[in-house]
Amino acid sequence: MDPQFWHDKWHQNNIGFHDAKVNSMLATYFPTVISKSPVRVFVPLCGKTRDIKWLLDQGYSVVASELSEVAVMALFSDLGIDPEIVADGSVRRYSAPLIDVFVGDIFELIPHQIGPIDAVYDRAALVALPRNLRNRFGPHVHDLTRGATQLLLSFEYDQSLMAGPPFSVKGHEISRIYGQFYRIEPVSRSMPIDSFNGRLSQSSGSERTVWHLHK
Ligand SMILES: C[S@@+](CC[C@H](N)C(=O)[O-])C[C@H]1O[C@@H](n2cnc3c(N)ncnc32)[C@H](O)[C@@H]1O
């Protein structure tokens, strides 16, 4: 899954993963698993998610990472915020009070750039990546955020029924990637609310899962 795959999706507005509403799992579980306040939240592979507005509205500050400048311009337009844009190493940083979004490859980011992080919110980030990139992504996010606690939203389904993304990332895979760093607690398990444009039927046994990763 090379960067062009995602750039093409954004340029063609082929973004079925984008949800016009705030993710209900975020609103339900983030406040229960993230206790420390004030909290600076890292949102990897953020797209133009409405979840960032929810986090800001709750009083959290947000640091995010996204490959596509199209996505990030749309994110700030939706927020009604005019960001300052500066070059920062090999990426560009879009900044405004309480929010910094790094535009470019997340694997180019270093901890010093994103600063201290209290929590990570992963929705459609780990599951967006094929196995070889998941193997790099997990340790990288851990190192970038210096082991900050995570709320991780995943999907489980029979991978032979649908080509990702989103990929099926089951509990044992999360343990394989993150088990060396975190204790991994299951938080919830439910039926997905969409069928990924009809690619997965209701009877496929697919589930959306929520995990809390912590030290
Ligand atoms: C499935 S989308 C999810 C977006 C968002 N989390 C959401 O819930 O709507 C995955 C996003 O990751 C971005 N992405 C993919 N590879 C990336 C990378 N190496 N660095 C930063 N962003 C990346 C894509 O451009 C895309 O917007």
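I looked at a predicted model, where local features need pLDDT of at least 70, side-chain atom pairs count only at pLDDT 80 or more, and totals for chains, interfaces and linings use all residues. Residues are numbered from 1 along each chain as its sequence is written, and side-chain values use heavy atoms, with hydrogens and water left out.

**The sheet.** I took helices (H or I, at least four residues) and strands (E, at least two) as DSSP runs, numbered from the N terminus. I counted two strands as paired if DSSP finds at least two bridges between them. I found an open sheet of nine strands with mixed pairing, in the order β3-β4-β5-β2-β1-β6-β7-β9-β8. β3 (84-88) and β8 (183-190) each have a single partner strand, so one side of each has no neighbour in the sheet. I then checked β1 (residues 40-43) against β6 (residues 119-123): they pair in the parallel sense over two bridges. V41 has A119 of β6 as its bridge partner.

**Helix on the sheet.** I used contact in the sense of heavy atoms within 4.5 Å. α4 packs on the sheet and touches β2, β4 and β5.

**Helix α4.** I called a residue buried at under 20% relative accessible area (1.4 Å probe, protein chains only). In α4 (residues 69-79) the buried residues are A71, V72, L75, F76 and L79. They lie on the same side of α4, because they cover an arc of only 130° around the axis, taken from the directions from the helix axis to the C-beta atoms. Their cover includes α1 (3-11) and α3 (51-57). Just after α4, I noted a positive phi of about 70° at G80.

Notes:
Buried < 20%, exposed > 50% of the residue type's maximum accessible area, 1.4 Å probe, protein only. Axes fitted to C-alpha atoms, helices over the stretch in contact; angles between N-to-C directions.
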